[in-house]
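Hello,

Here is the structure we talked about passing on. My notes on it follow below.

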Amino acid sequence: MSDAPEDPPAYRPYVPYVPAPAVEIGPRLNRLPLAAPWQWLRLGWRDLRREPAIGLFFGACFALMGLAVLMVFRHAPIYTLALCAGFLLVGPLLCLGLYDVSRRLERGEPVSLHLVLGAWMDNLAQIAIFGAVLLILEMLWGRAALVVFAVSFDGMPDFAGSISRLLDASHLGFIVAYLAVGGLFAGLIFAVSVIAMPLLLDRDTDAVSAGLASLKLCLGQPLVMLQWGLIVTVLVVLAMLPGFAGLLVVGPWLGHASWHAYRAALPPDEVGPPAQ
């Protein structure tokens with residue numbers, strides 16, 4: 001065994017650990033100021049004033065949909081959920097027309113009713129898929145509502161189409177549970193769709209990517225989007241009070257404003273030409 005000293009270990013310079021950059025999922029989104037929703041409302045009102053006739057047409061459609069639900073609830077409550085499910089598919093298609101009006105005004109293109117009514121044809125397959133997702137969520141919402149009814153009452157109660165009897169103080173527990181379930185599903189639908197439909201109209205993208213982009217916006221900037229959701233809810237509720245007549249104006253106003261919410265969220269280099 002040799003007594004010769006061993007060679008010293010080779011010198012290895014210290015290399016600090018640098019974590020890999022995070023992979024960004026979905027399109028890059030702008031940081032929105034807290035007051036952004038009020039700017040969207042201002043721009044939406046401007047678009048409505050520039051094309052009031054088209055806006056009133058869509059507003060009349062929204063008002064008639066609300067009246068139809070109310071009439072069915074009063075005379076055949078069992079069909080109310082099915083009618084709402086149908087309107088959940090028709091409503092976004094109508095909003096696509098309002099988005100297209102704002103887009104055409106933004107680009108200086110001609111605007112007419114027959115042009116914007118076919119806006120959904122640009123990306124028909126993906127818009128249909130996204131509409132089907134909304135329908136599934138609405139059906140789950142309806143099923144959860146039925147569970148709340150079954151747990152709260154001895155079988156399904158017959159309110160004879162009377163909303164006042166349904167909201168009686170003795171049903172406080174049911175009302176709280178029903179609103180909690182409704183708020184959960186409404187929040188989920190809002191989160192996945194707030195900018196998804198304008199995105200599907202404006203870009204050649206798929207339904208999953210559009211829904212994830214919308215969800216990313218809501219999770220990444222919750223204060224702004226929560227404020228926007230509250231504004232939309234308050235305006236819609238107030239518009240429904242006078243026999244749904246307020247939807248004549250509030251419906252198209254919010255449709256135009258939603259387009260500007262989408263435009264504010266995605267930077268210009270992320271916004272491409274309309275889908276072909």
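A salt bridge here is a side-chain nitrogen of Lys or Arg within 4 Å of a carboxyl oxygen of Asp or Glu. By that criterion Glu109 and Arg104 form one, with 3.8 Å between N and O. Glu109 is partly exposed at 32% relative accessible area, while Arg104 is buried at 15%. Please keep in mind that this is a predicted model.

The search of the whole structure finds nine salt bridges.

- Asp202 pairs with Arg107, the closest N and O atoms being 3.3 Å apart. This pair links distant parts of the chain, 95 residues apart: Asp202 sits in helix α8 (residues 196-202) and Arg107 in helix α3 (residues 80-107). Asp202 is buried, at 0% relative accessibility, and Arg107 is partly exposed, at 31%. Through shared partners, salt bridges join Asp100, Arg103, Arg104, Glu106, Arg107, Glu109, Asp202 and Arg263 into one network.
- Asp47 pairs with Arg46, with 3.4 Å between the closest N and O atoms. Asp47 is buried at 1% relative accessible area, whereas Arg46 is partly exposed at 38%.

On helix packing, the axes of α1 (residues 36-50) and α10 (residues 222-240) come within 9 Å and cross at roughly 45 degrees, so the two helices are oblique to each other. On the α1 side the contact is made by Ala36, Pro37, Trp38, Trp40 and Leu41, and on the α10 side by Val224, Met225, Gln227, Trp228, Ile231 and Leu235. Of these contact residues, ten are nonpolar, one is polar and none is charged.

Regards

Technical notes: Residues numbered from 1 in each chain as written. Predicted model: local features only at pLDDT ≥ 70, side-chain atom pairs only at ≥ 80, totals over all residues. Heavy atoms only, no water. Axes fitted to C-alpha atoms, helices over the stretch in contact; angles between N-to-C directions. Helix = DSSP H or I, 4+ residues; strand = E, 2+ residues; numbered from the N terminus. Parallel < 35°, antiparallel > 145°, perpendicular 65-115°, else oblique. Contact = heavy atoms within 4.5 Å. Nonpolar A, V, L, I, M, F, W, Y, C, P; charged D, E, K, R; others polar. Buried < 20%, exposed > 50% of the residue type's maximum accessible area, 1.4 Å probe, protein only.
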